[in-house]
Amino acid sequence: MPDVIKSYVRFVDTFNRRVGIFAMYLIFAMFAILLYSSLSKAFRLPANWTLESAQFTMAAYYMLGGAFAMQTGDHVRMDLFYGTWSARKRAIFDIVTSVALIVFLGFMLYGGISSTTYAIQFNEKSFTAWAPYMAPIKIVMTFGVFMMLAQSLSSLFKDIAELRGRPIA
């Protein structure tokens with residue numbers, strides 16, 4: 001593989017690993033928000049921002065962690081046949097599925113950019129009592145889709161290199 005592709009793979013893998021490790025800790029932030037929500041309700045002082053904040057934190061958690069999960073192979077995979085295949089056959093199958101994933105994520109990125117642009121342009125707010133602005137979470141989610149797209153390309157390059165018998169380390 002050309003050096004530029006190897007550099008791309010190393011950069012994307014390193015970046016997504018760092019963001020993914022950061023995202024892992026968002027689960028604790030969500031737990032803290034939900035704990036505060038429970039305690040405030042127990043003392044009859046419920047906050048109207050806790051449920052949506054927990055939902056936004058969870059969305060950031062899985063969108064920012066998605067690329068890292070793809071990189072480490074921690075996503076759900078139907079392993080009925082895949083585990084028994086040779087490395088070459090798995091690489092071929094992964095190339096086909098990576099291309100399909102890249103197309104899907106391309107559409108998701110287009111929709112995310114469109115939705116984020118709308119939220120920024122019109123100061124979109126949630127239709128709840130708290131009514132937070134939607135742009136921040138939409139930006140985070142669109143960035144997460146972009147990271148997954150970049151990781152999918154990285155995985156595609158690694159699978160092609162594996163198929164050629166010269167894996168990218």
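# Loops, helices and rings

Me: R44: buried or exposed?
Reply: R44 is exposed, with a relative accessible area of 75%. Keep in mind that this is a predicted model.

Me: Where is the place of R44?
Reply: R44 is in the loop between helix 2 (26-42) and helix 3 (50-72).

Me: What phi does R44 have?
Reply: A positive one, about 60°, although R44 is not a glycine. Most residues other than glycine have a negative phi.

Me: And what about the phi of A131?
Reply: Also positive, about 55°, and A131 is not a glycine. A131 lies in the loop between helix 4 (87-121) and helix 5 (135-163). A131 is partly exposed, at 24% relative accessible area.

Me: Let's switch to helix 3. What should its 23 residues span?
Reply: At 1.5 Å a residue, they should span 33 Å. The end C-alpha atoms of helix 3 are 32 Å apart, which agrees.

Me: Where is the kink in helix 3 centred?
Reply: On G66, with a kink of about 40°.

Me: What comes just after helix 3?
Reply: G73, with a positive phi of about 75°.

Me: Where does UniProt place the "transmembrane region" feature?
Reply: The unreviewed UniProt entry puts it at residues 21-39, 51-70, 91-113 and 133-157.

Me: How far apart are the end C-alpha atoms of residues 51-70?
Reply: They lie 28 Å apart, and that span is 100% helix and 0% strand. For residues 91-113, the end C-alpha atoms lie 31 Å apart. That span is 100% helix too, with 0% strand.

Me: New topic, rings. How many aromatic pairs does the count come to?
Reply: Nine aromatic pairs, counting ring centres within 6.5 Å. One of them is Y36 with W49. Their ring centres are 5.5 Å apart and their planes meet at 20°. Planes under 30 degrees apart count as stacked, so this pair is stacked.

Me: Which parts does that pair tie together?
Reply: Y36 lies in helix 2, and W49 lies in the loop between helix 2 and helix 3. So the pair ties together parts that are 13 residues apart in sequence.

Me: What is the relative accessible area of Y36?
Reply: It is 42%, so Y36 is partly exposed. W49 also counts as partly exposed, at 31% relative accessibility.

Me: Which residues form one aromatic cluster?
Reply: F11, F15 and F143 do.

Me: Last one. Where does the charged end of R90 sit?
Reply: Over the ring of Y82, 5.8 Å from the ring's centre.

Note on methods: Residues numbered from 1 in each chain as written. Predicted model: local features only at pLDDT ≥ 70, side-chain atom pairs only at ≥ 80, totals over all residues. Heavy atoms only, no water. UniProt positions renumbered as here; feature names shortened; annotations may be inferred. Helix = DSSP H or I, 4+ residues; strand = E, 2+ residues; numbered from the N terminus. Buried < 20%, exposed > 50% of the residue type's maximum accessible area, 1.4 Å probe, protein only. Expected span 1.5 Å × (residues − 1). Bend = angle between axes of the 7 residues up to and from the residue. Phe/Tyr/Trp six-rings, centres within 6.5 Å; stacked < 30°, edge-to-face > 60°. Lys NZ or Arg CZ within 6 Å of the ring centre and 35° of its normal.
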